[in-house]
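Thank you all for coming; I would like to take a few minutes to walk through one structure with you. Please have a look at it on the screen before I go on.

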Protein chains: 4
Amino acid sequence: MMIDLNADLGEGFGIWRLGDDMALLDLVTSANIACGFHAGDPLTIRRTCAAAVDRGVAIGAQVSYRDLAGFGRREMEVDPEELCAEVLYQLAAVDGIARAMGGRVSYVKPHGALYNRICRDPEQADAVVEAVADYDRGLPVLTLPGSAVHEIAAREGVATVTEAFADRAYTPSGALVPRRSPGAVLHDPAEVAARAVRMATAHTVTAVDGSQVPVDARSICVHGDTPDAVLLARAVRDGLAAAGVTLKAFT
Amino acid sequence: MMIDLNADLGEGFGIWRLGDDMALLDLVTSANIACGFHAGDPLTIRRTCAAAVDRGVAIGAQVSYRDLAGFGRREMEVDPEELCAEVLYQLAAVDGIARAMGGRVSYVKPHGALYNRICRDPEQADAVVEAVADYDRGLPVLTLPGSAVHEIAAREGVATVTEAFADRAYTPSGALVPRRSPGAVLHDPAEVAARAVRMATAHTVTAVDGSQVPVDARSICVHGDTPDAVLLARAVRDGLAAAGVTLKAFT
Amino acid sequence: MMIDLNADLGEGFGIWRLGDDMALLDLVTSANIACGFHAGDPLTIRRTCAAAVDRGVAIGAQVSYRDLAGFGRREMEVDPEELCAEVLYQLAAVDGIARAMGGRVSYVKPHGALYNRICRDPEQADAVVEAVADYDRGLPVLTLPGSAVHEIAAREGVATVTEAFADRAYTPSGALVPRRSPGAVLHDPAEVAARAVRMATAHTVTAVDGSQVPVDARSICVHGDTPDAVLLARAVRDGLAAAGVTLKAFT
Amino acid sequence: MMIDLNADLGEGFGIWRLGDDMALLDLVTSANIACGFHAGDPLTIRRTCAAAVDRGVAIGAQVSYRDLAGFGRREMEVDPEELCAEVLYQLAAVDGIARAMGGRVSYVKPHGALYNRICRDPEQADAVVEAVADYDRGLPVLTLPGSAVHEIAAREGVATVTEAFADRAYTPSGALVPRRSPGAVLHDPAEVAARAVRMATAHTVTAVDGSQVPVDARSICVHGDTPDAVLLARAVRDGLAAAGVTLKAFT
């Protein structure tokens, strides 16, 4: 058995920090590095890329809407042609920095509101996929099972990889419970780790109604921006190791 | 005889335009394309790169301080490590877009206040050169004769290329008359074209005191952001052609 | 008979200009001045305010989503509490500048996507109205007839003023034909002026199907950002004057 | 004896936080609130103003260069006319928000690089003072003893107030030891508190060479952006109280 562990990193901006990037880089196998549009100044990006390369952690371009003030968490009605160019710009910038540090971007993970939007909006999904295809058709897109991105990417010859969230509640139909609902986010490290193990070994998760829901995921996302992020990630990593699951990047 | 003609292009942002990019791309041999820090949104960058590729015009990354409100024309006390990362980010972004459009960035031209600053500030010059070396040591930096950049770049194994300004007044010592001084910028197309021809053929320019000053330039810069920019560029191009000078990118 | 003529002004940013502010200020009676979030740097705002004060033109705060790259034309899912604070910030900034120039903000006109959004979204409309009420309950909000803003503003004790668009096509039900539809924007000065006159005198407009639609407007908006904006505005002003309509700000 | 205690507050941006604003507001008598140019989104500004009003803490507009990425810590060659408009914009925005929350801006404290620059650059100092005078000649400017601002402000009829830094090392001539020098910043709460007491009661500070240097300050600044900021501020406040010094805003 084998699984990837990914987290959002490099999400500071200027003087402001978010999460403990270096501690998380010791735990994950894939780093979704902010590209400057929702977070991530060039120096932070360079340092995070360099640290990921040092530790053999795979680098993903965490592309976003252009929205520093809203941290990319607000849906925007961006024209597809413009969105495509914006994704291309971000992807190229971070890949170039990663290469200068001796690595490279090996996948793309849209961030925040863009991530959610392209699960259901074929037009914006197409814009993102087109940017990836224009830049390097060999880069997979990390997304949710059931997302609109899968079919659109397949049509363009771009691969997709699915992920699950060990610290998020699931509905009986396999969707995430919206972040603002009570109980949407789990905080107990032992429970989160146990869910990660079941995701990786049994390919299921216990939904909010107690039912077992199938989860098809090659990667598990752990959040990097909460105070207890490092604790949770370590619990997940240790839990998976104890269960005999090999942690390995999907790229 | 051979000379390159370069101009600043892609310097719009969002709804705002600056200069007639497409008309200028029919006249120049090298396009300094804005990278998003002083101007240039991703869609404008992509369109300008695509148009440059179509016309066989060489693409340069016009890297800048991060200063949209000041159009990169205000000197900033940026920490060298941060400046280096900022230049790397911009260079990578535009090169990636250019490659997606079938071309590539083949040189770097710092913009505005950064251009002037690194002519005399070894610390910031070193930061820019280091970014170029980190990204691709094969990319030359376009700069003024006498700039501090030359020596620093040579030390890092980065090439430099010199340029002259056909529409700017020169002092007897070969420096540019500061932009705010009266007569600093020439507007008569015939005169500007004649100066360009003498720069390319006799390697001299007439200074403000009437003396002949040597000018060693492989490229001539024409401004793209003035109302009469296209007129001037066409006059220079036609004048050079009539004088038997071949227009050819330096890359 | 009496009508107000309003236009969007001060919509440059840094080096970039949009429209001929000074020429339009000689024609309109109310100036919707950009507040820095979709356009309008502080110096442009100050100069436009000063020029409006000189000419006795009423000043409105043209508040917007925070979106320079998209010129405020892209809908954003902004949290109402944050939107309220953003509108308050913009309104206060421009009012303070206007007062320093000897005038003051006398109304609020939301811009672009925010203008359209609050016609139908009570939550964002409420956020905008709350900001106005918090700042100065005496400032009216300029908006479309039929907008959701009217009822919400009335509940808060904030006045609203309706406007019509002389150069936009109307549907038989009195709505604007969406900007991207063919024929949505009229360009013939004589036709636009004639429509303005009928709006002001007969309170009707001819819809795209030839029917007469009632239009209840205390102000007519002329666009400031098109190349022929000054021509159109002058035709409207002259047409209204010739028809005996008095041009007068609604504030 | 009477002294004011001021700190920089509201210096988050969007998702990012800096310092514990609410804890510091319980300790200081004057809050320098970020205005959006180096930090401070509108919602953060509004919340900080509301909390300051609740606690009876005086509100100052902490105006800055436009530089989010550099937190306003990088000197910029801004044209004085533009700088003046930028300061006016920020001051008006925060004063308007403060008034909507039931308070008002009662002084101006330039931030970071602008603070340091106008201590020695009469041109930029004049731009800042002019903005204050244009907005409200009754607002004092908080600055260093010996700053160029004093004379320029006096000429314009604008008051100045001097401050000292309890946690910064002083040279024998009474200047601050540059932040990057070793020992420039003191971290021991007891020592910092003792220095504050001596500043308030004996009007002197012990310089790095052990000599006693006169310090003429109506306010003492404590830093808000360090991890131990609250501890230091509490030690200073308690130390001053124990020494019989009354803490009171200067406005």
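Predicted model: local features only at pLDDT ≥ 70, side-chain atom pairs only at ≥ 80, totals over all residues.

The turn is 180°, the shift along the axis is 0.0 Å, and chain C then lies on chain D with an RMSD of 0.0 Å. That is the relation of a two-fold axis. If we ask which residue of chain C comes closest to that rotation axis, it is C:Ala93, whose C-alpha lies 2.0 Å from it. As for the surface through which these copies meet, 100% of the interface residues of chain C are also interface residues in chain D, so the two copies use the same surface.

Let me turn to chains A and B. Here a rotation of 180°, with 0.0 Å of shift along its axis, superposes chain B on chain A, and the RMSD is 0.0 Å. In chain B the C-alpha nearest the axis belongs to B:Ala93, at 2.0 Å. Both copies are served by the same surface, since 100% of the contact residues of chain B recur in chain A.

Chain A has 8 helices and 10 strands. Its radius of gyration is 17 Å, close to the 18 Å that the globule rule gives for 251 residues, and chain A is therefore as compact as a globular protein of that length. Along its principal axes, the C-alpha trace of chain A spans about 45 × 35 × 35 Å. Of the 251 residues in chain A, 61% count as buried, and if we look at the contacts in chain A with a separation of 6 or more, 72% of them are accounted for by residues 24 or more positions apart.

Finally, one residue in chain D. D:Glu191 sits in helix H7, which covers residues 189–201 of that chain. D:Glu191 and D:Glu82 are 109 residues apart in sequence, and from C-alpha to C-alpha they are 42 Å apart in space.

Conventions
Residues numbered from 1 in each chain as written. Chains lettered and ligands numbered in written order. Heavy atoms only, no water. Helix = DSSP H or I, 4+ residues; strand = E, 2+ residues; numbered from the N terminus. Rg over C-alpha atoms; globule rule 2.2 N^0.38 Å. Buried < 20%, exposed > 50% of the residue type's maximum accessible area, 1.4 Å probe, protein only. Contact = heavy atoms within 4.5 Å. Least-squares fit on C-alpha atoms with pLDDT ≥ 70 in both.
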